[in-house]
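Please keep the sequence and the structure in view while reading.

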Amino acid sequence: MKKIAFLSGILLVMFSGIIQGQTKHAKKSKYMSYKGLVMAGYQGWFNCEDDGANKGWTHYSKHGKFEDGYCTIDYWPEMKEYKIKYKTPFKYADGSPAYVFSSFDESTVELHFKWMKEYGIDGVFLQRFFQVLVSENRINHADKVLRSAIKAANKYGVAICMMYDIGSMDDSKYELVIEDWKHLVDDLKLTNQGDKTTYLFHNDKPLVAFWGISSSTRSSGHIPEIYNLIDFVKNDKKYGGCSVHLGIPSRWRTLGSDTRGDARLHDVLRNVDVIHPWLVGRYNEDTYEKFRQQNIVGDVKWCKEHNKSYSPTVFPGFSWHNMKGDGSNKIPRNKGNFYWKQIAGAIESGAEMIYVAMFDEIDEGTSIMKCAKTVPVGKSIFVPIEEDVPSDHYLWLTGMAGKMLRGEIPFTKEMPIRK
């Protein structure tokens with residue numbers, strides 16, 4: 001009898017270990033649902049010479065040079081609060097040098113998350129590009145930024161979520177994404193920081209986002225591969241048990257213009273939890289309402305009929321002249337009125353969550369973080385924050401958007417006035 005009891009005890013311990021090993025995610029988070037949140041995208045991809053990453057002026061330089069006439073950013077960061085600053089060849093009108101930040105520095109990420117807390121921004125989706133997974137140098141940078149983000153999110157109680165950009169993915173290498181997710185869960189403890197976990201859950205499960213399938217402008221549609229990725233993060237016994245957020249083209253419902261027209265997309269969408277159309281550049285302030293009526297209203301209706309959550313993209317403005325030569329300030333911000341029009345329109349259409357493009361995207365001029373009013377002068381043309389609004393205006397508006405989405409302040413189509 002004692003032998004039987006002893007063996008039973010061993011089996012019980014082994015069985016318990018198997019059960020505990022089935023998932024490496026926290027059971028609960030401060031953020032158990034995306035519903036009621038305004039989340040921004042976070043690139044974290046800026047590097048400077050001498051920042052220790054050995055990547056040069058990444059996402060600042062053009063054709064290998066970062067100097068007047070050669071850069072990829074259209075907005076210049078407001079640098080007053082950064083602990084570490086890097087001198088550039090750019091100069092202001094008075095001849096003084098201009099400085100920028102590196103995302104590789106932990107203090108940079110910490111400051112950005114401090115702003116999120118200060119202005120009431122719910123959190124960010126950390127962008128992780130497929131190209132990162134095939135380069136040791138890039139993955140070292142991405143992991144460093146992610147570690148900094150996890151630490152800052154814990155400190156300030158801000159939500160974070162992983163978003164894989166697979167728009168450039170070599171279809172034959174999709175398993176690299178699976179292996180990377182294992183790495184993030186095992187080594188960085190991304191979804192399980194113990195009592196401090198602020199990883200974003202949805203439908204009571206950790207949320208994993210994928211972006212970039214079925215686009216007519218991308219090299220591959222990734223339809224077969226996305227099935228495999230979704231199946232893994234949802235059903236794998238050890239690393240699964242997750243909800244899925246899928247970023248897709250703006251005409252996903254009708255399979256129009258910017259999609260590949262592949263009807264399998266709708267079958268994929270029936271297997272995900274959150275549908276997120278990319279809307280940057282699809283309209284301006286004058287054409288937004290027509291777009292909303294033709295697309296967003298119907299999108300929300302489709303998602304409700306199919307029991308899916310819908311997260312429309314909103315953005316403050318758009319400009320990528322220094323990168324593409326496509327005209328500076330192409331979609332003007334109009335002091336925040338354009339941004340607020342989209343926020344109000346999303347809520348009026350019935351959206352229960354919102355995705356902001358982007359927190360730190362100064363390359364394409366969609367950043368909501370503090371950007372400069374006074375910018376360098378010369379051949380490169382930078383867009384200054386409007387003179388009569390503060391540099392933190394778009395951070396403040398984003399915090400107000402979350403309050404309006406949750407009903408903490410009355411709904412209004414007019415941009416709120418800051419007191």
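Over the face of which residue does Arg333 lie? Arg333 lies over the face of Tyr394, and the distance to the ring centre is 4.6 Å. The model described here is predicted.

**Helix α10**

- Helix α10 spans residues 393–405 and has 13 residues.
- From its first C-alpha to its last, α10 reaches 18 Å, which is close to the 18 Å expected at 1.5 Å a residue.
- This helix is mostly covered, with twelve of its 13 residues buried.
- After α10 comes Gly407, which has a positive phi, near 80 degrees.

**Aromatic pairs around Phe338**

- The structure holds 30 aromatic pairs.
- One of these pairs joins Tyr283 and Phe338 edge-to-face, at 6.1 Å centre to centre and with 65 degrees between the planes.
- This pair links distant parts of the chain: Tyr283 belongs to the loop between β9 (274–277) and α7 (288–305), Phe338 belongs to helix α9, and the two are 55 residues apart.
- Both Tyr283 and Phe338 are buried.
- Phe338 also pairs edge-to-face with Phe315, with 5.2 Å between the centres and 80 degrees between the planes.
- Here too distant parts of the chain are linked, since Phe315 is in the loop between β11 (313–314) and α8 (321–324), 23 residues from Phe338 in helix α9.
- Phe315 counts as buried because its relative accessible area is 0%, under the 20% cut-off.
- Phe338 likewise has a relative accessible area of 0%, and is therefore buried.

**A cluster of rings**

- Ring pairs link a set of aromatic residues into a cluster, including Trp45, Phe46, Trp57, Tyr60, Phe66 and Trp76.
- Tyr82, Phe90, Phe101, Trp115, Phe129 and Phe382 also belong to this cluster.

**A further charge over a ring**

- Lys65 places its charged end over the ring of Tyr70, 3.6 Å from the centre of that ring.

Definitions and conventions. Residues numbered from 1 in each chain as written. Predicted model: local features only at pLDDT ≥ 70, side-chain atom pairs only at ≥ 80, totals over all residues. Heavy atoms only, no water. Helix = DSSP H or I, 4+ residues; strand = E, 2+ residues; numbered from the N terminus. Expected span 1.5 Å × (residues − 1). Buried < 20%, exposed > 50% of the residue type's maximum accessible area, 1.4 Å probe, protein only. Phe/Tyr/Trp six-rings, centres within 6.5 Å; stacked < 30°, edge-to-face > 60°. Lys NZ or Arg CZ within 6 Å of the ring centre and 35° of its normal.
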